[in-house]
Amino acid sequence: MPGRRGTDPINDDLVASGHGDDASFFAAVYRTYSPVVAGYLRAGGVDDPEGVTHDVFLALYPRLRSVHGGAQGLRTLIFSIAHARSVDHHRRRHSRPALVEYDPDRDRRRATSAEDDALDGSPEANALAMLEGLSEDHREVLRLRIIAELSVTEVADIMHKSPGAIAQLQYRALKSLRNQQMAKDGVAP
């Protein structure tokens, strides 16, 4: 799967030499990381993850020549931009609610609930429903650590927290998910 550590087609040598032909280097970076960025944004509740993914890469393009730290530095920069775009999206959404004309075909009250989707065994719906039960910081740490596959130090830099705080947030988030699953399975925590 593209974007997995150790199998990235984007390596330190390519990052170092990729600046000679920005267009082809950018195309390789986009093909490699855009699916992971879209997944990160989708898991974060961004309304238009594909559109915001394009915004992330538009913001990345002029910064490609200034990437430091090889492939990992590039990955960290990409997810720093994605994190900022996600935060911006949620701030805009909360500061001015979207007014939508009533459309009976889109009335969500007739759609299955997240719980029904989870019980039906949809892995994506189950994962998203479980993440909804977490605090925003817990969700963000798990998205950056698991979906973006960033290190504790990289997540700490992005979230402006200490590595120890990130490790604690991750521990508590995973413990909360475990407790949710145990409660769902009828097992006392």
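**Buried side chains and their partners**

Guide: At 17% relative accessibility, His90 counts as buried, because the limit for that term is under 20%. Please note that the model is a predicted one. His90 belongs to helix H4, which covers residues 70-95. A polar atom of the His90 side chain lies 2.8 Å from the backbone oxygen of Gly44. Neighbours within four places in sequence aside, His90 is in contact with Gly44, Gly45 and Val46.

Helix H4 also holds Arg75, which is buried with a relative accessible area of 1%. The side chain of Arg75 forms a salt bridge with that of Glu149, at 3.4 Å from N to O. Glu149 sits in the loop between helix H7 and helix H8, so this pair ties together parts that are 74 residues apart in sequence. Glu149 is buried as well, with a relative accessible area of 14%.

Arg139 and Glu136 meet in a salt bridge at 2.6 Å, N to O, and they are three residues apart, about one turn of the helix. Arg139 is buried at 15%, whereas Glu136 is partly exposed at 42%. Glu140 and Arg143 form another salt bridge, with their closest N and O atoms 2.5 Å apart; both of these residues are buried. The count of salt bridges comes to five.

Finally, Thr53 in helix H3 is buried, with a relative accessible area of 2%. A polar atom of its side chain lies 2.6 Å from the backbone oxygen of Pro49.

Note on methods: Residues are numbered from 1 along each chain as its sequence is written. This is a predicted model: local features need pLDDT of at least 70, side-chain atom pairs count only at pLDDT 80 or more; totals for chains, interfaces and linings use all residues. Side-chain values use heavy atoms; hydrogens and water are left out. Helices (H or I, at least four residues) and strands (E, at least two) are DSSP runs, numbered from the N terminus. Buried means under 20% relative accessible area, exposed over 50%, partly exposed in between (1.4 Å probe, protein chains only). A polar contact is a pair of N or O atoms within 3.5 Å; within protein, one must be able to donate a hydrogen and the other to accept it, and residues adjacent in sequence count only if both atoms are side-chain atoms. Contact means heavy atoms within 4.5 Å. A salt bridge is a side-chain nitrogen of Lys or Arg within 4 Å of a carboxyl oxygen of Asp or Glu.
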